[in-house]
Amino acid sequence: MKTEIGEYVVGAYLKVVLGCDFIDYNVRPPGGGLEGLNELDVVGLDFKNQTAYLCEVTTHIRGLLYGSGNQDTVTKIIQKHKRQKAYAEKYLSNFPNRRYMLWSPVVPVGYITNELAKVEGLELVINKAYTRCVDELQDQAKQLSNDVGNPFFRTLQILGALKR
């Protein structure tokens, strides 16, 4: 499966800002079958702190929306969060610290944000929080010149180095 640019944004943040040692994209549970159809967008592993980051990434620039409306959207995100937790329990048991995140740059404020805020254990990196994370990446891109292996971050580095 092709890695989307929004997934690279998240991967860059996990690697450069949070210090993950390993990032993988479009992670599927081993073994195939129906369970193998459920992918995790981004998984980051920080070996020093024994922390696993399991991230759902939705880069809808017109606003997060699935199915026929707000309720379908919340239901789908909750299902994805349950799959994150099940994957971590089954395959990442050696990481005692686990962070489950939803990343989306544009989420309509109201029903969706209110309901998602109630989902226990799901960190929301949405709207202004998403913007702050990209701002942090831009700051880091101005300071680092080495290629960290992430195309989004490399693009920020190039843009930051342009002579005006």
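Which strands does helix 2 (residues 70-91) lie across? In this predicted model, helix 2 lies across strand 1, strand 2, strand 3, strand 4 and strand 5. Helix 2 runs at about 150° to strand 4.

The sheet is open and has five strands in the order 1-2-3-4-5. Its pairing is mixed. Strand 1 (22-27) and strand 5 (122-126) are the edge strands, each pairing on one side only. From one strand to the next, the twist averages 25°. Strand 1 pairs with strand 2 (residues 40-46) in the antiparallel sense, over five bridges. Within this pair, valine 27 stands opposite leucine 40 of strand 2. Helix 1 also packs on the sheet. Helix 1 touches strand 1, strand 2, strand 3 (51-57) and strand 4 (97-104). The direction of helix 1 makes about 155° with that of strand 1.

Helix 1 (residues 5-17) packs against helix 5 (residues 151-161) as well. The angle is about 80°, and the axes are 7 Å apart. Helix 1 is therefore roughly perpendicular to helix 5. From helix 1, Ile5, Tyr8, Val9, Ala12 and Val16 meet Pro151, Phe152 and Phe153 of helix 5. By class, this contact has eight nonpolar residues, no polar residues and no charged residues.

A search of the whole structure finds zero disulfides. For cysteine 20, the nearest cysteine sulfur is that of cysteine 55, 8.0 Å away. This distance is too far for a bond, because a disulfide needs sulfur atoms within 2.5 Å. Cysteine 20 counts as buried, at 5% relative accessibility. Cysteine 55 also counts as buried, at 2%.

Notes
Residues numbered from 1 in each chain as written. Predicted model: local features only at pLDDT ≥ 70, side-chain atom pairs only at ≥ 80, totals over all residues. Heavy atoms only, no water. Axes fitted to C-alpha atoms, helices over the stretch in contact; angles between N-to-C directions. Helix = DSSP H or I, 4+ residues; strand = E, 2+ residues; numbered from the N terminus. Parallel < 35°, antiparallel > 145°, perpendicular 65-115°, else oblique. Contact = heavy atoms within 4.5 Å. Nonpolar A, V, L, I, M, F, W, Y, C, P; charged D, E, K, R; others polar. Buried < 20%, exposed > 50% of the residue type's maximum accessible area, 1.4 Å probe, protein only. Pairing = 2+ DSSP bridges.
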